[in-house]
Structures are given as C-alpha cells and as structure tokens.
Amino acid sequence: MTQHLVDPQAPRDLRAFIADLPKAELHVHHVGSASPRIVSELAARHPDSKVPTDPEALADYFTFTDFAHFIDVYLSVVDLIRTPEDVRLLTYEVARDMARQQVRYAELTITPFSSTRRGIDERAFMDAIEDARKAAEADFGTLLRWCFDIPGEAGLQAAEETARLATDDRLRPEGLVSFGLGGPEVGVERPQFKPYFDRAIAAGLHSVPHAGETTGPQTVWDALTHLRAERIGHGTSSAQDPKLLAHLAEHRIPLEVCPTSNIATRAVRTLDEHPVKEFVRAGVVVTINSDDPPMFGTDLDNEYAVAARLLDLDERGLAELAKNAVEASFLDAAGKARITGEIDAYTAQWLSR
Ligand SMILES: Nc1ncnc2c1ncn2[C@@H]1O[C@H](CCC(=O)c2cccc(C(=O)O)c2)[C@@H](O)[C@H]1O
Ligand SMILES: [Zn+2]
C-alpha cells in the first residue's frame, strides 16, 4: 500500500471532526471496497484463489506499478465473487464499513457484466444486491444506490450486456440511479459508448462515466459531449485545459475527486501535485471520494483529511465539501435536506464546544 490510513499530517482535532461528520460518497467501487476482512472471508470460501488473505501479504499485493497492474489485481478480487451469497456478503459488509465512517449515503459502482460473465445468474445477482441494500438501510442506516458501469476495455459486448441489465424493467434493481464507464481509458474511446448511454438516459438513469483519470482532457470533453455526463469520475486531467475547467464550473458538473487513488495507480505523482486545488480555484464543484479504499490503503475519512491539507480547510470547509457530495448526489430532495441538516447541526455543535 502506498499510504498509511489517516493522513498523518492532518491535525488530530480535525481528524476527530471528520470521523463523526455525516458524509455521502459518490465514487466508490463495489468489489474495490472489499476490506481485508471481507477478502479473507471470500478467500476462505474459495481457497483456490491467488489473492492472499494475510493482511501483510495483502498490503504488498495491493501495491501497484501502474494502472494496468491495478486492473489485473482488481480482476483477481473480482474472481473471488462467485455466488449470489458472495455478492450479498460483499455488499452488506461494505455498507457496515461505510456506516462506521458515518457515511449516510453512497452510490456504489457495480460492474454486473463481470459477475454475469462469471456465471452468476442475473436475477439472483439483482436480488442479492437489493437484499443487501435493504438490510444495510435497516441495520446501519446507510442508504445505498447503484451505478452500473461498463468495463470499457471488455468491449461493446460488455456495453450491450450492461445496458440490457440496467434498462430491462424485469431486472433493473430499485436502487439503480446511474450508468457509468470504467477501466482503462487508453485506447478505449468514449464516443463508441454513446448508444448505450443514450439507452440508459432514456430509461431515466444519470450519466456518470470515468474520464480524464488516465488520459487527457479530450476524454472529459468526449464524456460531456457524447455520453452527456452529469458528473465526471476523476476528471483529473481537466486541470490541463482552462476552457474545460470553465465549462465544468459554468455548468456545475461536479468532479468526483479521489486523491489517494490517483497516487496509488500512479495517475498523479504525489499528493502535493494533485490538481484538486486548481479545480477549486476555477470554481468547479469538487466532491471527495475513496474509489477502491482498501486497495489504495485509504478510506473516506482519510480522503477528507487529505483534502483538508491540500485545500487548507477548517471544519466549515470540510462541512462544505460533505454538503457538495450530498448536493451532487442522485438522492431525492427530502433525503438531501435531511443529510445536509445533519451536517449543519453536527458542525454547529462541534464549533460551539
Ligand atoms: N480507479 C478506477 N478507474 C477505472 N475503473 C476502475 C477503477 N477502480 C475500479 N474500477 C473498475 O474496474 C473495472 C474494469 C474491469 C475491466 O476493465 C475488465 C476488462 C475485461 C474483462 C473484465 C471482466 O470482468 O471479465 C473486466 C471497471 O468497470 C471499474 O468498475
Ligand atoms: Zn473509479
């Protein structure tokens, strides 16, 4: 792992504030959220897997030479999920880990194609995530919603399958709110996915592709123009194009920024070089997210601590960041008002101590 949990440079008091701050997370992957505890449990069920279960060996296994290496390792964890019960366990336990960090609402990016192509029945898959969503809401008070993403590198057959699973009324899960596109960007041009995004948008889903994580600003333009993106996953390279930054700011297209992820996959060299400051300076709506937290040795609290340092934020600034995520989410108005109210009440109470 490239980074120790909880940014050691963040003041202790600010870390305590973050720990209990009610939060929303908009960019976090389902399989990429499997903690060592969850990985161990899945590996015990499937002992032929090459994924190590010992936490120290796992930390080493989760150290990446580049983005392609990260995807290789990611897919080995995907291979651990073989039955609907694995899917349910993963989803429910991920919600438990989120609730511990006071995450009230999360849009979890799920790649159903990866599961159906590995032989999990599509109906059973949908039932497993929905069952876990309802149980997590009842048991932990964390609301989960889904973003189904196309693994772009797997080609148009994967796009077709993902669009079908997301738009077929008999299959489409109640918690599904958005449609995405992930995986490597090099050689995976965004415009080819337009027909699939058109179908998803026509079915009432929001468009949230990854773009500008591992390629330049043209990919972000393509996501906006061809895929009608309402938010951008990462968008890191937008910083290279002032016109793009102005466009994102003017149209209030939020960026889902995942600082530690960008270091772990070597998309950005060091945290201090991360362009999040430039986004804020340009007036772009920034949300802070964890992406694949255990794989990157982080969690959402740590990402807020990193953001506080990079953006020089106090408690009020952190509360604004948390509210950005609620506002940029696809939760209904009443749900947004409730969580925003909780953030304000918590912050006021903290500052009046
Ligand atoms: N930081 C990230 N940036 C981008 N994506 C990320 C990130 N983190 C996690 N992902 C996930 O990785 C998946 C990629 C999976 C993939 O490429 C693939 C290719 C061929 C076959 C198969 C298969 O399953 O058989 C899968 C994406 O769909 C996305 O959900
Ligand atoms: Zn991602």
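Predicted model: local features only at pLDDT ≥ 70, side-chain atom pairs only at ≥ 80, totals over all residues.
Helices (H or I, at least four residues) and strands (E, at least two) are DSSP runs, numbered from the N terminus.

Who touches whom here? On the H15 side you'll find Glu-315, Arg-316, Ala-319, Ala-322, Lys-323, Val-326 and Glu-327, and they meet Lys-336, Ile-339, Thr-340, Ile-343, Asp-344, Thr-347, Trp-350 and Leu-351 of H16. Contact means heavy atoms within 4.5 Å. The residues of this contact split into seven nonpolar, two polar and six charged. Ala, Val, Leu, Ile, Met, Phe, Trp, Tyr, Cys and Pro count as nonpolar, Asp, Glu, Lys and Arg as charged, and the others, Gly among them, as polar.

A cavity is a set of points on a 1 Å grid over the protein atoms alone where a 1.4 Å probe fits but cannot get out, and lining residues have an atom within 4 Å of a point. Volume is the space filled by probe spheres set on the points, which are joined across faces, edges and corners.

| Cavity | Volume | Lining by class |
|---|---|---|
| Largest | about 90 Å³ | six nonpolar, five polar, no charged residues |

His-30, Tyr-74, Thr-109 and Phe-125 are among the residues lining the largest cavity. Helix H4 (67-78), strand S2 (103-110) and helix H6 (112-116) each give two or more residues to that lining.

The second largest cavity has 13 lining residues, with Leu-26, Thr-109, Cys-147, Val-208 and Glu-256 nearest its centre. Strand S4 supplies the largest share of this lining, three residues.

Last, the sheet: four strands form an open sheet in the order S6-S7-S8-S9, with parallel pairing. Strands pair if DSSP finds at least two bridges between them. S6 (210-211) and S9 (286-288) are the edge strands, each pairing on one side only. S8 (residues 255-257) runs parallel to S9, joined by three bridges, and Val-257 stands opposite Ile-288 in S9.

A note on conventions: residues are numbered from 1 along each chain as its sequence is written, chains are lettered from A and ligands numbered from 1 in the order in which they are written. Local features need pLDDT of at least 70, side-chain atom pairs count only at pLDDT 80 or more, totals for chains, interfaces and linings use all residues, and side-chain values use heavy atoms, leaving out hydrogens and water.

Conventions: 1 Å grid on protein atoms, 1.4 Å probe; cavity = no way out; pocket = protein on both sides within 12 Å on 5 of 7 lines; lining within 4 Å.
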